[in-house]
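Dear colleague,

Please find the structure below, handed over for your records. My notes on it follow directly after.

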Amino acid sequence: MSLFRLDASILPATSASRSLADLVEEQWTAAHPDAGVVRRDLAADPVPATAWQNAVTGGFTPEADRTEEQRAATALATSFADELIDAEALLFAVPLYNYGVSQHFKTWFDVAYTDPRIDPQGTALRGKPATLVTVLGGNYSPGSPKEGWDHSTGWLRRVLGDVWGLDLRVVQRPFTLVGVNPALDSFTEVAAELKHEAEQGARRSGRELAELRGAGPAA
């Protein structure tokens, strides 16, 4: 049994989401040093854009009549679902890109979602402890000039928490572009506070995942 970790950042060397996810993972491995971590890096190994179409059409096609592409896509969906089902806890690190969901994550989710074990009628993931780490270059909180421009976090909460039924924690860090984009220099102190809060939240979430290890899906 293991922790499943998925990373979606396209810039692993400087990724703020990976750094926060590292803190979650550190707490997990500190509590369970003998437990493995299964990793899926969507930047290093992106899901082909055609995989979802082939997985969907393959699901409607008798196995003997499937194309090679359909067979490969349905096998990929099975492997994605297996990784999620076999893990005792889940960790997703998904940045906001261009005000929306990472295309790498969306393609992975769509392919995984074709597996009938984790569709809305399935119960394989229901109640499983999970953490979503997400980072935002700016700040889209209520009252900010771009309030409502974050079209990623709400969708991620919906599909992971409501559709898959995960016992979900969310760690979010805004203003990751402070210090990178000079237009945001006036927010340096606020960004530092938000970074500290996110790091504390990541460690706390990691401890919670470790404590819930083995609890299993809700009845």
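The notes below cover the nonpolar cores, the packing of the helices and the salt bridges.

Please bear in mind throughout that this is a predicted model.

**Nonpolar cores**

The largest nonpolar core has 29 residues, and those that touch the most other members are Leu84, Phe92, Phe105, Trp108 and Trp164. Two or more residues each are given to this core by strand 1 (2–7), helix 3 (68–86), strand 3 (89–93), helix 4 (103–113), strand 6 (129–135) and helix 5 (153–163). Helix 4 supplies the largest share, five residues.

Phe105 illustrates how these parts come together. Leaving aside residues up to four places away in sequence, Phe105 touches Leu6, Ala8, Leu42, Phe92, Val94, Trp155, Leu156 and Leu160. There is also a second, separate core of 17 residues, with Val133, Val135, Ala198 and Ala202 among them.

**Packing of the helices**

Two packed helices are described by the angle between their axes and the distance between the axes. For helix 3 and helix 4, the angle is about 95° and the axes are 8 Å apart. Angles of 65 to 115 degrees count as roughly perpendicular, and helix 3 and helix 4 are therefore roughly perpendicular to each other. On the helix 3 side, the residues in contact are Ala73, Leu76, Ala77, Phe80 and Leu84, and they meet Trp108, Val111 and Ala112 of helix 4. Sorted by class, this contact comprises eight nonpolar residues, with no polar and no charged ones.

Helix 5 also deserves a note. Its buried residues include Thr153, Leu156, Val159, Leu160, Gly161 and Val163. The partners against which the buried residues of helix 5 pack are strand 3, helix 4, strand 6 and strand 7 (167–173).

**Salt bridges**

Side chains of opposite charge can pair when their charged atoms come close. The structure holds 15 salt bridges, and three of them are described here.

The pair of Glu25 and Arg5 forms a salt bridge in which the closest N and O atoms are 2.7 Å apart. Because Glu25 lies in helix 1 and Arg5 in strand 1, this pair ties together parts that are 20 residues apart in sequence. Helix 1 spans residues 16–31. Buried means under 20% relative accessible area; Glu25, at 11%, is therefore buried, and so is Arg5, at 4%. Apart from residues up to four places away in sequence, Glu25 touches Leu3, Arg5, Val37, Arg39 and Leu91.

Lys106 and Asp110 form a salt bridge with their closest N and O atoms 2.9 Å apart. Both residues lie in helix 4, four residues apart, which is about one turn of the helix. Lys106 is partly exposed at 30% relative accessibility, whereas Asp110 is buried at 14%.

In the salt bridge of Arg169 with Asp167, the closest N and O atoms are 3.1 Å apart. Arg169 is buried at 14% relative accessibility, while Asp167 is partly exposed, with a relative accessible area of 31%. Elsewhere, salt bridges that share partners join Arg5, Asp7, Asp22, Glu25 and Arg39 into one network.

With kind regards

How values were computed. Residues are numbered from 1 along each chain as its sequence is written. This is a predicted model: local features need pLDDT of at least 70, side-chain atom pairs count only at pLDDT 80 or more; totals for chains, interfaces and linings use all residues. Side-chain values use heavy atoms; hydrogens and water are left out. A nonpolar core is a set of buried Ala, Val, Leu, Ile, Met, Phe, Trp, Tyr and Cys residues joined through side-chain atoms within 4.5 Å. Buried means under 20% relative accessible area, exposed over 50%, partly exposed in between (1.4 Å probe, protein chains only). Contact means heavy atoms within 4.5 Å. Axes are lines fitted to C-alpha atoms, for helices over the stretch in contact, and angles run from 0 to 180 degrees between N-to-C directions. Angles under 35 degrees count as roughly parallel, over 145 as roughly antiparallel, 65 to 115 as roughly perpendicular and the rest as oblique. Ala, Val, Leu, Ile, Met, Phe, Trp, Tyr, Cys and Pro count as nonpolar, Asp, Glu, Lys and Arg as charged, and the others, Gly among them, as polar. A salt bridge is a side-chain nitrogen of Lys or Arg within 4 Å of a carboxyl oxygen of Asp or Glu.
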